[in-house]
Each structure stands twice: as C-alpha cells, then as structure tokens.
Amino acid sequence: MQVDVVVKPLRTIALAMLLAAALPTAAQPAAASTAAQGAASADLAPTVAPDPQLEADVQELSHKLRCLVCQNQSIAESNAPLAVDLRDQVREQLASGRSKEDVVDYLVARYGDFVLYEPPLKGATLLLWGGPALLLFGGAGWLVLRLRRRSSELDATAGLSATERTRARELLAGRAQPSSESPESRS
Amino acid sequence: MKAKFLVPLLLFFGLAGFLAFGLTLNPREVPSPLIDKPAPNFKLARIDDPASTFALEEMRGQVWLLNVWASWCVACRQEHPLLVRMARQKLVPVVGLNYKEVRGDGALNVRGMALEAETALAVERARGWLSDHGDPYVLSVLDVDGRVGIDFGVYGVPETFLIDAEGRIRYKHIGPITPDSLQQVIMPKVEELRRAG
C-alpha cells in the first residue's frame, strides 16, 4: 500500500520524461513538411542560383531567417516582396563569397534578432533557453521533496504500536469484540 | 504557510498580468537595432531631378525625418495630409525615400523591365502622386530596388526615421504618423535633439 503511493507519481514522472524525450522526434515530420512547403514556394521564385550547392546554402539559410512581413514564415517560405528581396540578398552575398555568418550578421544589423528563427543565446534570452529545463528539473525536484516528506509522514503515522498490533491480530482472528467507541461501529 | 491555498491564485494573477501587458504590445512593431546608430549612408537619384543625386550627409547639422513612402502604399495616403500640414507649419524637414515605386506595386508586372525604363516610370508615377496629393518633402529620392530600404531595416511602408544633426538614427516610427504620435512622441524628441545639438 505504502509502496503504491510512491510508485504512482514516479510512474508519472517517468511518463513525462518519456514524453519530453519523444517531443523532438515528433517535431521532425513537421519540420520536413515546412521544408517541402519552402521548396514548393521556391519553385515560384524567379531567381535561382546556377550552382546547386550555392542554392542549397541559400535555401538552408533562408529557412533560418524570419520574414518580417508574415512573421510566422521564414523568408524561404514566404512570397512577400520583402522576403523575395531578402532571399535575393542572401543569394547575392553568398555568391560573392561571404560566409553564412556574415550574411546573418548583415541581416541582424538591419532587422535585429527578430530576423532569426532561433534566438541567440545571450543574457536577455537566458530565461528563454533555460526556462524549460528550469521548469522540468525544478518541478521534478519539488515532486521528489514532496514525496519524501509524505512517505516519512506516513512512516510516522501509519506505524502501529505493539499493543495495537496484537489487538488487531486478535480482532482479525475473531478472538476479540470491537470496542464500542470505534468510529466504525454500527450500533 | 496557512495561506498556501493562495499560491495558485497568485500564480494566476501573475500570469494574467503578463498576458494583459502582452495585449498592449503590437507584434507588428519590431524594434529596430539601428536606433542610436549612424544612419546607413546612401546616394540616390532625386525625383525632382533624376540626373542629380542626394546623399544622406547633405542633411548633416539638421534634425530631420526620413519618411519612406510609395504611391501604391495605402497607409501613406492616410498619413500624407499630416505631412503636408507639417511642411506648411515648417515643423521639421522631411526627406522622402520613395521605396520600390514600380516593382513594389503588386498590380504591375515588371518582370524583365530594364532598370532605365523602371526608373523613368517610377519618376513619372512619384511625381504624379506628389502633384495630386501635395509635396511635403524637402526632396524625395528613388530607391528603385529597395536596397536602401533594406539597409534601413524597412519592412513595411510607411516608416519614418528621426535622424539627428550628426546623422544618427534616434527614433523609428512604424506605420502612418498620427497627430497623436507627432505631438506626443516625434516632436518632443525633435525638440530635445535640437536643444542638444
């Protein structure tokens, strides 16, 4: 009985952790589908770099950059005029030999961190990045503390004294009558 | 620890407070990283005289506004009367940056159009619009391909930049200027910069 009380929440924790571990895998099909969508809209875009490797880089980078007009699409997925312009900028600058970091810096200097789908890790975003881990481990720690306290409380209250134990045994064996002041007596 | 039952309630109020504050923010207004940085320099053809150019440093020593506009921009039409009124009252010099006049217009198909032809069409359209609605600008320049717009971090028209005497961007107004934003935000900042400069 006592074991059961402890095991059930533990099972819940294990389940939560399993779920958390499963989340990245669940997100992958979604990412694949947006990539497909991006490729589809890229078909509509007039300009494509002749070099396939360069175009692949352009596409990869474009998926990491947010369109400022649509806000919930990357510049690879969006066909807003600004997204087309920014895609052209990315293509032009990569073609001229600048690195991906240079191109990202170029856009961040003009549009801010907002243009990045993945916010950079810095002081202001520490809570954003650390928050989920903080909640998970904080919650788990709190749960463990609670369970420890409860089981020690149960140990303290549920234990029977030697006389109580003998009396219980006698009651079960039918050798004694329940006392009249018992709360369970149906007189 | 008797008030323990209040904890969820307090958590709720905390969360509700954050959400209520979030409702007052406009997600369309992306803060510009260019504030207090030197305005990106440019040299572009003037609409009144496309053969000559205007460069940003020509406004050095003045506190001025750079207003991004286009004839296809509906919200520009909304703020334009205010700009005209500002010009009449000589509140603050405003330079117009005409943004993608031709290729920004979704109604036009300009694929394969030569740059000269596009520039000529842009000049014609911009001049026509200014003579129809009034020209509040000290002068307007043509950003045919929107490249200067990108340098300024423009992501929608209209946008207005407040630039100080040393050529630094001090404030960015996103969307049409309203009488309220002019009186309560822009003009106080202009006065402050003038006093400082």
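Okay, let's start at the chain contact: A:D85 makes a salt bridge with B:K100, with the closest N and O atoms 2.4 Å apart. By salt bridge I mean a side-chain nitrogen of Lys or Arg within 4 Å of a carboxyl oxygen of Asp or Glu. This pair crosses between chains, running from helix α3 (residues 81–95) of chain A to the loop between β4 (94–99) and α3 (115–133) of chain B. Helices (H or I, at least four residues) and strands (E, at least two) are DSSP runs, numbered from the N terminus.

Quick caveat: this is a predicted model, where local features need pLDDT of at least 70 and side-chain atom pairs pLDDT 80 or more, while totals for chains, interfaces and linings use all residues. Residues count from 1 along each chain as written, chains are lettered from A and ligands numbered from 1 in written order, and side-chain values use heavy atoms, leaving out hydrogens and water.

So, buried or exposed? A:D85 is buried at 15% relative accessible area, and B:K100 is buried at 3%. Buried is under 20%, exposed over 50%, partly exposed in between, with a 1.4 Å probe and protein chains only.

Staying in helix α3 of chain A, A:R91 and A:D88 are three residues apart, about one helical turn, and they form a salt bridge at 3.1 Å. A:R91 is buried at 8%, whereas A:D88 is partly exposed at 25%.

Over in chain B, B:D36 and B:R170 pair up at 3.0 Å, N to O. That ties together parts 134 residues apart in sequence, because B:D36 sits in the loop between α1 (6–23) and β1 (43–45) and B:R170 in strand β7 (residues 169–174).
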